[in-house]
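Hello,

Here is the structure I said I would pass on.

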Amino acid sequence: MKTEQEQQPDWMQELGSSPFNEPMFTSSMKSRVLNSAGSSSLMKDRTMRRSPARSRFMAASILTLLLIAAVWGWRESPALQQLVPIKGLGGSAEWTPHNVYAENGVDKLQAIPGGDFAAGAPAGAWWNLFTPIQELEGKHIRISAVHRDTGTTLEELAETEITSDMAYNDFTRVSSRFGMPLSGLWKFNVMVDDEPYGDIVIHVPDSSWEPSPSFKSGVYDMTGVEGRLGFINPGFIAGQPNKYMWHFWGRSEELTGDLFITAVKRNTSKIIDVFETSLRPGKHNGADAAIPTTMSLPSAGQWRIMASINGQLFGSVIVEVDSP
């Protein structure tokens, strides 16, 4: 027999936990409040002598600070965004994060991203359609995604035929690469035979901005993710183009198609186009495919350089760009 707490839905149990990643009321804050309380009696007479105008000014200032803190907390906490969507800040009910879509109280669609998904890193995802395969086999599914803050739109899953091997008991499971170039809220619109099937909203966290490490392949030192992607790196100077030989590891079908190199600077959300070409498998320097490119980044700082093949994020490399 389940207890009353166990019978509560997950979202209700989550309300009992803090929406913040770390305690908002720290020990140092507590100490300052206690010290302030201890000295309040000494300040009482002085406070009583303040003019009404000054008191009103101080009250307005405190209220302003509280409002700023509230807005900051909402922006920094996805949990608060779920509970209190604020229209004026770009939030609304349609952007409330949810990984299950239901109609008339019945679950219809569920998204399960890879456990450690983050911006700039493909993690894979399962899309569970709670419709028997008998009703979906032979139809075509596609998934598009839009970023709330920038309006960036991409194809999460190209049009794909639903086949019998996607059947799982009483539902149908489709997989995708799930690689988002930017952190923040993303809405995924699922279409079956060009008809809306459901939508999912997921908050994608930012990934580490630690510069990518070096590794050796063949006789060359490369920068990137060993066994995935990287390039021979002569360094980056803002605004100055240079040649970079990219290397990729993977299956032949993964490494065949149109290669797009884009980049985003740290603390910004503008994605810039860097280079595009066609990629084909071919062993080179220990990699399964390689291609020479010319790249240039416009300003100094940390940049995430992202490689996509046929519109799907393959991986990314973090680099430091020096001033001229």
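Aspartate 288 is buried, with a relative accessible area of 17%. Please keep in mind throughout that this is a predicted model.

The partner of aspartate 288 is lysine 283: their side chains form a salt bridge with an N to O distance of 2.5 Å. Lysine 283 itself is exposed, at 70% relative accessibility.

Elsewhere, salt bridges with shared partners link Arg177, Arg228, Arg251, Glu253 and Glu254 into one network. Two of the contacts in it involve glutamate 254, as follows.

- Arginine 177 and glutamate 254: the closest N and O atoms of this salt bridge are 3.5 Å apart.
- Arginine 228 and glutamate 254: here the salt bridge has an N to O distance of 3.8 Å. Arginine 228 belongs to the loop between β11 (220–225) and β12 (229–231), and glutamate 254 to the loop between β14 and β15, so this pair connects parts that are 26 residues apart in sequence.

As for accessibility, glutamate 254 is buried at 14%. Both arginines are partly exposed: arginine 177 has a relative accessibility of 24%, and arginine 228 has 22%. Those values fall between the 20% and 50% cut-offs, which is why neither arginine is called buried.

In total, the count comes to 11 salt bridges.

The other item is strand β17, which covers residues 289–295. How is it arranged relative to β14, and how many bridges join the two? The strands run antiparallel, with 7 bridges between them. One of the residue pairings is that of tyrosine 244 with threonine 293, the latter in β17.

Ala289, Ile291, Thr293 and Met295 make up the covered face, whereas Ala290, Pro292 and Thr294 make up the uncovered one. Thr293, the bridge partner of tyrosine 244, is therefore on the covered face of the strand.

Regards

Technical notes: Residues numbered from 1 in each chain as written. Predicted model: local features only at pLDDT ≥ 70, side-chain atom pairs only at ≥ 80, totals over all residues. Heavy atoms only, no water. Salt bridge = Lys/Arg side-chain N within 4 Å of Asp/Glu carboxyl O. Buried < 20%, exposed > 50% of the residue type's maximum accessible area, 1.4 Å probe, protein only. Helix = DSSP H or I, 4+ residues; strand = E, 2+ residues; numbered from the N terminus. Pairing = 2+ DSSP bridges.
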